[in-house]
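Here are a few notes from my pass through the model, jotted down point by point. Have a look at it first, then read on.

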Amino acid sequence: MLHITLDDIRHECAANMTILQVIQAAGRDLPALCNDERLQPAGACRLCMVEVEGAPRAVASCAASVEDGMVIRTDTPALEASRRTNLSLLAAHYPPDAVAREPEHPFHRLLAEYGVTPGGEARDPLFHDDSHPYLGVDMDRCIHCYRCVRICDEVQGQFVWWTWQRGEHTYVAPDGDTLLEGGCVSCGACVDSCPSGALFDKRSIETPDRWTRSTCVYCGVGCQMNVGSHAQRIVQVRPADSPVNRGHLCSKGRYAFEFTHATDRITTPMLRESGEWREVSWDMALDYTATRLREIVACHGQDATGVLGSARASNEENYLAQKFARVVLGTNNVDCCARVCHTPSAKALKTMLGTGAATNSFDDIERAQTFLLCGCNPTENHPIVGARIKQAVRKGAQLIVIDPRRIELADYATFHLPLRPGCNVMLFNAMAATIIEEGLLDSAFAAQRIDGLDAFSNFIRAYAPEAVADACGLSAETIRAAARLYAIAKPSMCFHGLGVTEHVQGTEGVMALINLALLTGNLGKSGSGINPLRGQNNVQGSAQMGCDPNSLTGAQAIPDARASFEAVWQAAIPQSHGLDLLSMMDAATAGRFKALWVFGYDIYLTLADAARTAQALQALELVVIQDMFMNETARAFGHVFLPAASVFEKDGTFMNSDRRVQRIRQAILPIGDSRPDWWIIQQAAQRMGHAQGFSFDGPQAIWDEIRTLWPAGAGLSYARLESESINWPCPSEDHPGTPVLHAERFANGQRATLVCIPSMPSGDQCDADYPLLLTTGRTLYQFNAGTMTYRTPNAVLQPSDTLDMAASDAQRLGLHEGEQVRLTSRYGSAVLPLRITDTVKPGELFTSFHRPDLFVNRVTSPYRDRLVKSPEYKVTAVRVSRLV
Amino acid sequence: MIPPLRRRPNESFYHLAHVPLTGHACQGLACFAARNNAPQRWQQAHARTPPLFCLGKCYQGPAVADEETRPHIEVLSRHAVLLSNVVKGGVRDLAAYEANGGGQALRRALALSRTDVIGEIADSGLRGRGGAGFSAGRKWAAVAASVASRKYVVANADEGDPGTFSDRLLMEDDPFRLIEAMAIAAYAVGAEHGVIYLRKEYPQARAVLETTLWQAGEAGWLGPQVLGSSHRFTLELHIGQGSYVCGEETAMLNAIEGRRAEVRLRPPQITAQGLFGAPTLVNNVETLCAVPWIVMHGARHYAALGTPSSSGTKLLSLNSLFFRPGLYEVEFGMTLRHIVEQVGGGLKRGRLLGVMIGGPLAGLVPPSLLDTPFGYEELQQIGCAVGHGGVIAFADDTSIAELVAEVFRFGALESCGKCTPCHFGSPELARMFREVIGGGRISAERWHALINALADTSLCGHGRGLAEFARAIERHYPQELERCFT
């Protein structure tokens with residue numbers, strides 16, 4: 001501790017603080033308009049000047065470090081006079097009417113406090129932009145703190161705002177006529193930082209009367225945010241400080257919240273009668289559901305029914321969903337959408353290392369020397385992680401990008417390996433072969449932690465880069481260089497996405513990555529690891545809570561954990577082998593599976609090969625849809641619609657990508673007659689004779705039961721979650737959590753075994769009729785099935801999915817930018833607008849699957865992962881033709 | 001790492017980016033002092049945008065870009081440390097440079113240990129000639145002590161202070177001396193890369209240095225093995241785009257990096273984190289050009305010149321109002337009166353209003369203080385500075401109000417715009433004095449408030465220097481200033 005004197009009062013403070021932080025920590029207020037804790041100090045506004053005894057002149061407290069024994073004065077007449085003068089200079093161009101309109105604005109209160117009247121002098125030039133759907137611009141109010149410029153540079157790394165000219169002609173504007181032309185990604189960080197109101201959230205007309213801290217409902221990063229509500233409406237979202245997002249959000253988290261109040265939201269239960277939906281009471285809907293389920297069980301057996309949990313729903317709700325399946329329906333037929341994304345990752349990690357989750361925490365991004373990004377596009381799909389990686393690379397970390405497309409981060413990469421889709425295993429094996437051949441193995445780590453090295457070394461010889469480079473579409477030298485970098489510039493941190501998992505060899509692709517980490521000792525250390533970037537807010541939690549046919553809560557295998565669960569549940573867990581999502585579909589088509597309850601998941605729209613999905617769903621006798629909107633599954637196949645409350649309308653927890661359990665909190669009451677999922681499940685269970693075990697009075701009580709059953713989560717009490725951000729395993733209330741897994745030993749033993757994985761071709765192959773290769777993925781402004789984002793102004797930012805094609809292919813096919821084209825595979829077709837871009841290679845195409853009406857999954861391939869059945873969304877042979 | 005496609009915004013910082021100099025007349029303060037010698041030319045220059053402040057031809061002001069005449073050049077010190085070649089008419093050819101003893105210092109330095117070279121510089125008492133007067137030896141030692149895989153040596157050739165032309169002549173007439181000095185410095189601090197940051201206003205120096213660098217490379221003075229040694233040194237020329245604050249070293253480093261030339265906060269010091277984050281030695285041209293002589297003749301001989309605290313020789317640039325304008329090498333210690341009356345021979349016309357030494361961001365020395373000795377601490381005591389050694393005489397055809405207006409006009413145009421008092425305060429002061437010249441009166445209270453804010457809260461020496469100038473006026477010309485107030 002340091003001892004300082006602040007305006008004659010002695011204080012203690014920690015080292016490594018700025019003087020301003022010490023002043024603020026002492027509860028004192030000092031104007032500091034250019035200061036933002038997220039940014040490097042700029043020392044521009046000169047309002048936070050203080051006098052330090054012995055210093056030759058006043059210092060900017062925001063930029064000066066505190067030192068032991070400092071005697072600091074904040075309030076001498078000279079300082080106060082300079083503060084007033086500088087404020088008067090800042091206010092000379094400030095519009096008086098803004099002050100009159102919003103006297104309570106902090107900057108306006110500051111002016112009033114110092115008796116400074118705004119002068120309203122004209123400015124020239126002045127940037128105008130009314131075109132952005134979210135970001136309001138009123139540069140008349142700019143006070144040249146440059147926080148927008150700095151946060152766009154230092155946090156988002158987008159360089160949209162620039163300082164132009166100099167001296168009194170200085171102004172702030174993008175390099176382009178509008179923000180979007182200047183490259184804006186609509187994260188709103190500039191608005192969040194702006195102290196004067198020059199930048200504002202233009203759709204937030206009402207001032208929030210209540211702020212509720214919660215967790216973002218989009219990707220799996222798990223950003224913390226403050227939700228502003230006014231008169232039971234969500235009116236604004238602002239980033240909160242947390243180790244995950246550090247006061248930053250992306251356009252989805254920050255702005256795409258208006259779906260909550262969409263006019264087509266369904267807030268009354270409905271039953272389909274003679275093909276038409278009819279609004280009914282909750283009693284009628286639940287009674288009908290319970291009766292039908294009982295009838296089907298009676299007629300076709302318990303295993304003719306199944307439940308799909310939801311990545312959108314909370315841990316508590318997913319826990320209840322699988323408990324409902326196992327206890328009420330009496331079946332292990334329960335799964336969730338992890339099946340189609342990262343179940344391969346969970347399977348591979350669990351098999352080889354013992355824990356089916358990311359090995360490291362996001363805190364390690366700033367500790368890594370090298371990043372290996374495989375089949376993920378973080379700046380669009382996990383934007384906060386993307387921004388952090390970008391900043392780390394700008395500060396000197398190395399970056400290897402393995403992706404068929406030239407994604408944004410490829411521009412920052414030391415090596416970009418644009419491999420041919422479907423060649424992951426071959427490429428990772430070639431990197432492993434390089435590591436072995438060139439003696440880059442971490443021998444010390446291998447000696448202590450690895451088994452199977454000899455067999456692996458023999459096996460991998462066949463995968464020398466020179467042998468496989470052509471098949472991968474890469475040069476052998478690039479493969480070798482990337483392998484060397486990953487092996488040498490340690491610690492190396494690997495992030496992967498669905499470009500690795502959504503393949504016939506998805507699980508094996510992740511295993512091949514784990515081999516690389518094992519060979520190079522990039523496991524169990526800060527700044528290293530194998531880290532799946534989970535696509536949805538609670539997809540990790542959904543499966544972890546037991547929405548998986550083979551495991552119970554905490555990813556515990558049924559045979560191992562049966563006894564403890566039966567003791568708590570006071571019910572038997574079914575003995576039969578459960579069906580996963582894809583097996584349920586197959587069983588439905590075969591006539592063995594009859595009833596499905598789907599929570600917050602549009603399976604018809606999102607499963608690959610929609611024709612096959614339709615065939616299965618068509619065969620069901622009962623489809624219960626629990627959602628906020630009439631999704632495509634409900635529209636085509638639903639019998640019961642149960643209106644669910646949104647994330648803003650309930651309490652609970654989500655589990656993010658790096659194993660943190662984080663709270664969501666109710667900001668407004670459920671809209672209309674909608675109800676939280678946990679309430680609905682309990683009501684149905686009670687009607688089916690299971691009041692016992694389904695009578696929790698709320699999410700916290702459910703969570704406490706989860707903690708008794710999941711040893712690694714036992715320490716994560718709601719009380720701790722209020723103030724801590726903890727990575728599980730956290731087995732007790734006094735355990736600090738485990739940011740880095742496998743430090744001393746793996747979860748399944750001291751040593752992990754290298755796995756020899758022969759590479760296999762993708763299911764779908766190009767031929768003369770289907771000469772092009774299609775991969776699918778997500779984009780920045782839209783999310784998955786578009787259910788939420790298309791009901792917000794994000795629809796303006798990205799109105800449509802597009803078919804991305806290289807210019808040479810377009811020229812050869814005689815197709816033009818923007819033209820509607822037909823995309824046809826062996827399985828179906830879709831019509832999309834064409835976008836010509838150099839981000840895809842000739843012969844390859846990319847599209848997203850966000851718009852229900854475009855229905856891209858009519859085209860995608862029916863092939864599935866060999867081990868866990870995830871569809872191979874990433875490789876479909878197609879042709880493209882002009883609409884006639 | 002700044003994405004390469006978006007250079008436009010940062011370029012807009014610099015007023016001479018994409019502006020040809022041909023036909024441009026100078027608006028520097030020395031030309032302002034001499035404006036009545038050619039009133040029409042001055043008015044044209046003053047009306048022109050973007051403004052051009054100081055072409056380094058103050059001896060023939062008001063000056064125009066393309067008029068080349070050589071100033072009077074004279075060595076008045078006991079040894080010609082800096083001007084031995086310049087005074088002979090210049091040495092721009094490597095063979096001639098070597099024939100005049102060039103290169104011996106570099107060879108000698110390469111034979112010494114790095115520590116010994118730095119020791120010589122430190123013991124010589126050489127202080128930075130760019131304005132701050134910081135000990136060169138301490139700077140060199142700090143960079144040498146920084147551990148890094150990459151270090152830089154940067155020559156600050158942004159001789160922006162109106163009234164100075166010494167560095168311009170050193171570069172145009174004796175360019176190999178600068179290169180030799182930089183190679184010695186690079187060897188001493190362990191740098192393998194060097195940059196000369198040259199202002200755009202010196203096109204002749206650019207042409208000379210381009211040829212010189214090529215010759216030096218061909219002859220093995222630069223490259224992987226400097227003069228056959230194991231020392232590697234590459235040197236490149238960076239041409240500025242027009243900005244006075246680039247004379248401040250951190251602003252200059254930002255300019256070389258392609259950023260806005262705003263000053264950086266310190267710490268970190270640039271000796272630890274400078275150009276592209278690497279330890280960097282920055283010295284101005286004149287400082288560096290003293291190095292070969294010191295290495296050849298020894299620290300003791302250099303320290304014997306001048307005074308104990310201001311050792312060595314200094315170049316003085318005298319403007320066209322003097323009877324004998326030109327470039328002089330002198331020793332520290334002589335009085336200002338000696339400089340004005342003996343060296344410069346007094347004024348060509350009118351009575352002396354005052355002399356501005358070391359540029360506009362210091363004081364104006366009134367005639368009553370001319371007995372002050374020329375030295376760093378001595379000038380500081382009267383609120384003035386050695387600065388860059390420019391000596392601009394103002395005659396009584398310039399009023400204090402006109403001078404203040406001109407200095408603040410310059411100060412406002414060259415402010416980077418980062419910190420509040422300088423960004424908004426200096427233009428307000430310029431406007432206030434424009435009013436005074438137009439016959440108006442200004443608020444004394446506002447003047448004091450603005451000067452205090454500038455002095456106490458400016459981020460860098462630009463704003464503070466403007467305030468120092470203002471305070472020197474308050475101190476030495478109170479009656480003239482009083483007449484400006486309501």
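1. Bear in mind that this is a predicted model. With that said, start at the pairing of β1 (residues 2-6) with β5 (residues 71-73), both in chain A: the two strands run in the parallel sense and share 2 bridges.

2. Next, the packing. The largest nonpolar core holds 428 residues, and Ile184(B) and Ala185(B) are the ones that touch the most other members. Helix α9 (residues 175-189) of chain B supplies the largest share of this core, with 12 residues. There is also a second, separate core of 24 residues, with Leu772(A), Val821(A), Tyr827(A) and Val859(A) among them.

3. What does Ala185(B) contact, leaving aside its neighbours within four places in sequence? The list is Trp140(B), Val153(B), Leu281(B), Asn283(B), Leu288(B) and Val291(B).

4. Last, the domains of chain B: domain 1 covers 86-303, domain 2 covers 313-395 and domain 3 covers 399-486. Between domain 1 and domain 2 of chain B, the C-alpha centres are 27 Å apart. Their contact involves 14 residues of domain 1 and 18 residues of domain 2. On the domain 1 side, the touching residues split into 3 nonpolar, 6 polar and 5 charged.

How values were computed. Residues numbered from 1 in each chain as written. Chains lettered and ligands numbered in written order. Predicted model: local features only at pLDDT ≥ 70, side-chain atom pairs only at ≥ 80, totals over all residues. Pairing = 2+ DSSP bridges. Helix = DSSP H or I, 4+ residues; strand = E, 2+ residues; numbered from the N terminus. Core = buried A, V, L, I, M, F, W, Y, C linked by C-beta atoms within 7 Å. Buried ≥ 20, exposed ≤ 12 C-beta atoms within 10 Å, placed from the backbone. Contact = placed C-beta atoms within 7 Å. Domains from an automatic or database assignment. Nonpolar A, V, L, I, M, F, W, Y, C, P; charged D, E, K, R; others polar.
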